[in-house]
Amino acid sequence: MCGIVAYKGPKNCYPILIDGLHRLEYRGYDSAGIACLSDEKITITKRSGKVIQLEHGLKVNGKYENCNGSGIAHTRWATHGKPNQINAHPHKDDSGNIVLVHNGIIENYDPIKKFLKSKKIKFKSETDTEVLVQLIGYFFNKGKLNFEQSVRAALQRVDGAYGIVVLNKKEPDVMIAARKGSPLVLGIKDNEFFIGSDVSPIIKHTQQIIYLEDSQMAVMKSEEYKITSIDKDVSLPKKVEKIDFKIDDYDKGKFKYFMHKEIHEQIHTIRNTITGRAKKDRVYLNGLMEYWTQIKEADKIFITACGTSWHAGLIGKNLIERFAEVPVHVEYASEFRYNKTLVDNKSVVIAISQSGETADTLAAIKKANEYGAITVGVCNVAGSSVARETNCGIFTRCGHEVGVASTKAFTAQVSVLYLLALKLADSNDTINRSSMKAHLDFDDSINKIKSILKKENEIRKVALKYKNAKDFLYLGRGLNFPVALEGALKLKEISYIHAEGYPAAEMKHGPIALVDKDMPNLFIVPKDKTYDKIISNIEEIKSRKGKIIIVTDSRDKILKSLANDLILIPKTNHYMFCQLATIVLQLFAYYIAVGKKLNVDQPRNLAKSVTVE
Ligand code: M6R
């Protein structure tokens, strides 16, 4: 999704903003732009394509060394209007006084545009954003309102979601940021201010930050700042926090792609997630304790999320039903928010989100809160909207995830849900102490991740054989059905190969019609109670000449004889098998995409965090 970085202070803003834009690239975008306000002059440079092209343009034109003032910059992921230079942000108003960057969508742009056109205001782009900057300009240029009042007046008239930063050459010592529905973070350091759509462009400069809340505005004037409201001119408390993100999270280190780095980090991140929470035969989830009585006595548990987080939710359902014997309903957040719901004040709604900013997931939480449910966030970003909007929660603690294709966040989410299932089971007396102890004995299994990573070259060789496939089926049962869905999603996202995940036996009810000699079928085969059944499913595909790839912990000869390719993973418990299989599938998708020479970290059309509906 779009990214924002802004700077106000004594330094040259260009290097700060360009570095910030590079750090925002992971979010996905198709054009970029920058505006600098210096000596009461606004200079705007925009490019379609990548930040590097924008940077090059600035250097060639000699602007790069030369802007001591304020600056705003943006990476745009097109919603209204093509991804070209004209539609790229920043946008300015007709008078050229006001310049703005915007994340989100202005829903009532059409009537406002018609109104402004009736006032002879000329538009240059196709964007909803230009409507907002023109509206601010309209109020300001009438001469009755100052800059801050004009921004407030305009924001009171727009519907939709926004995070904005605005500059005005008639009030050059002021920078204004505002948010509704689209996150913005303010970083503070002595006499300098930084704004980011997340902390990534700020973290290098300061750890002192304020997460702007919905309907809040930050007004920075000279070296002072205030937090105020979009609704009225009041002074609100400044909730300054110290963030503990590490700058290392934003560097690729020895890896070519963040996704690859993040796959490798799982050896540590899964351990981080459980540390202090799994101790001998007990689970400690301090973030839930205030609401634990209601959680353990809930009549119904709902899990809601999108994409990869939804797949983790399906695993969570399986684990909670298996261990705690409580029925769990899993629903896409985009459906949950509009469907008739059976949620009530005896329900628990678990919302899973890596970023904590996914628009549909936030809307689902809002709905659950309105119905009186206890809302539990499983989220990776402290201070994010999910963390703030839920009653309680469990952080996944896997560090900042940069690759658009989620990897370490998924295995961390699954780890959290595993702990939650065991804790519920303990409270419900559906598990005994010795089983708890056995299930919480992770050390050996986590070490087995190392052996998967050591097999990387073997996985790479298998993956490269299939890089020209057009379609893939991923098949698994029980806990490994969501793993199949997740493996197929990873392949689609980064290699653009069509892939579907199915429960292995369900394949006979339709998808088998697709199978021919060119179609690879990846089976996830743990040696468990469904083992023989999956072998029959494999035979069915084999007899129709489909190619068979098997990921298994079984050394049985029959599998070798059925497989075109077999990837062996170490023996472990049922739960850890699905984590190990997931890592194999992440590497498999990664190497196919690398083999196809694709940009793994920034797949086409995708955004890291989907903050619009
Ligand atoms: O930040 P979230 O977990 O809420 O994001 C949900 C999905 O947008 C996300 O998982 C998406 O499917 C990823 N690109 C998957 O790799």
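An oxygen atom of the ligand lies 2.8 Å from a polar backbone atom of Ser 406, a polar contact in the sense of a pair of N or O atoms within 3.5 Å. The protein covers 92% of the 410 Å² of accessible area that the ligand has on its own, the areas coming from the Shrake-Rupley method with a 1.4 Å probe.

This is a predicted model, in which local features need pLDDT of at least 70 and side-chain atom pairs count only at pLDDT 80 or more, whereas totals for chains, interfaces and linings use all residues. Residues are numbered from 1 along each chain as its sequence is written, and side-chain values use heavy atoms, with hydrogens and water left out.

The ligand is surrounded by 14 residues, each with a heavy atom within 4 Å of it, and the closest include Ser 309 and Glu 493. Domain 2 (252-441) and domain 3 (451-599) each supply at least three residues of this shell, their bounds coming from an automatic or database domain assignment.

Elsewhere, Tyr 7 and Phe 194 form a tilted aromatic pair, 5.2 Å centre to centre with 50° between the planes; rings pair if their centres lie within 6.5 Å, and planes under 30 degrees apart count as stacked, over 60 as edge-to-face and the rest as tilted. Because Tyr 7 lies in strand β1 and Phe 194 in strand β10, the pair ties together parts 187 residues apart in sequence.

Key:
A polar contact is a pair of N or O atoms within 3.5 Å; within protein, one must be able to donate a hydrogen and the other to accept it, and residues adjacent in sequence count only if both atoms are side-chain atoms. Rings of Phe, Tyr and Trp (its six-membered ring) pair if their centres lie within 6.5 Å; planes under 30 degrees apart count as stacked, over 60 as edge-to-face and the rest as tilted. Helices (H or I, at least four residues) and strands (E, at least two) are DSSP runs, numbered from the N terminus.
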